[in-house]
Amino acid sequence: MSKISFVITVFNKAPFLPAVIKGLKQQTGPFEREFIFIDDGSRDDSVAVIQRETAGLENVRIVAQENHGPAIATNNAVSVATGDWIKLVDSDDVLAPFCSRVLLERAVANDLDFIFGSAAYYDMNVGPVFDETGLDKQETIIFNDPLLTVLDRGFARVSHCLFRRDAFVRAGGCDPRIFSQDHSLFIRLSAIGKLGQVKHVVCLGPEDEPGRIMNNQAQVIHDASIALALFAKDHPELDAGKYRIIARKVLSRVRKWEKKELGKGNFGPGGCAYLLSRIGLVPSADKLVSLCRAFEDDQTVRIPNKTTLPELKEIAHEL
């Protein structure tokens, strides 16, 4: 029987955790399960909420680390996971009861390393409501060139994903040089494994959540761009077509940011590099990485100071 390790990264999400944990308890399917909550230095009572809401739930492990961000927290939690499959869950996202079962069934049936569904948002006055209509008829999309698809379409988020633990290890996990986890995770896993998608909503996040990383535009664009640039730098063997996709995306984002947010018009460093690329002079991966510093002028952008895994502290499950 397959075993899924649910990995829930937590930072100051106490109000949302009861719904998240209720969703975990409601997961259906004939698989073993463990629940690993990793607190990333929360300053609210998130840990106490986890302890309270998981009382009576089997195979729960609660660990904590100094605040390093979700990418490193994810890597740290997966390092102690024992399941052959990993189900990441953001600590404000609620999984549909059928989420894990459907993703696992489709992944096994199609011999996939990595599968994801669709994600959406719920009205906080109503709560999460899931519709299973048509799910059985929804085909599993298998990507012939997973890396090309991910580079071109730029998938993100994590609560709609399921992947093999050994694939995560082989891929090197989430890039610890980047604060958020989702962009590098998709790129790295798609580079080494077989990827599929089910276009059905399998998780919902709250519409109004002020602490969501996605609310910080500079952080999101920076992390999405630097994930591409660092991947290109780490893989000099990357074919020309894929490299051009990376360069085009990074340069286009930097150029727009320089123009809109930094007031540099069309002739900032990114703008000039973009124009040169249009005539075939594509910059090196090192140059792409350096150009991403344009987003760092926004003081809200976080970059990990260390890339090594911090020490994990065990927290008693029972209050």
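Author: Let us start with contact, which means heavy atoms within 4.5 Å. This is a predicted model, where local features need pLDDT of at least 70, side-chain atom pairs count only at pLDDT 80 or more, and totals for chains, interfaces and linings use all residues. Residues are numbered from 1 along each chain as its sequence is written, and side-chain values use heavy atoms, leaving out hydrogens and water.

Reader: Which residues is phenylalanine 163 in contact with, leaving aside its neighbours within four places in sequence?

Author: They are Asp84, Trp85, Ile86, Leu88, Asp113, Phe114, Phe168, Leu185 and Leu189.

Reader: Which residues of the largest nonpolar core touch the most other members?

Author: In soluble globular proteins, nonpolar side chains tend to be buried together. A nonpolar core is a set of buried (under 20% relative accessible area, 1.4 Å probe, protein chains only) Ala, Val, Leu, Ile, Met, Phe, Trp, Tyr and Cys residues joined through side-chain atoms within 4.5 Å. Here the largest has 58 residues, and Phe163, Leu185, Ile187, Ile246 and Leu288 touch the most other members. Apart from that core lies another, of 37 residues, including Phe31 and Trp85.

Reader: Which residues are buried in helix α2?

Author: Helices are DSSP runs (H or I, at least four residues) and strands likewise (E, at least two), numbered from the N terminus. In α2 (residues 46-53), Ser46, Val47, Val49, Ile50 and Gln51 are buried. The buried residues of α2 pack against β1 (3-10), α1 (17-25), β2 (32-39), β3 (60-64) and β10 (313-315).

Terms used: Buried means under 20% relative accessible area, exposed over 50%, partly exposed in between (1.4 Å probe, protein chains only).
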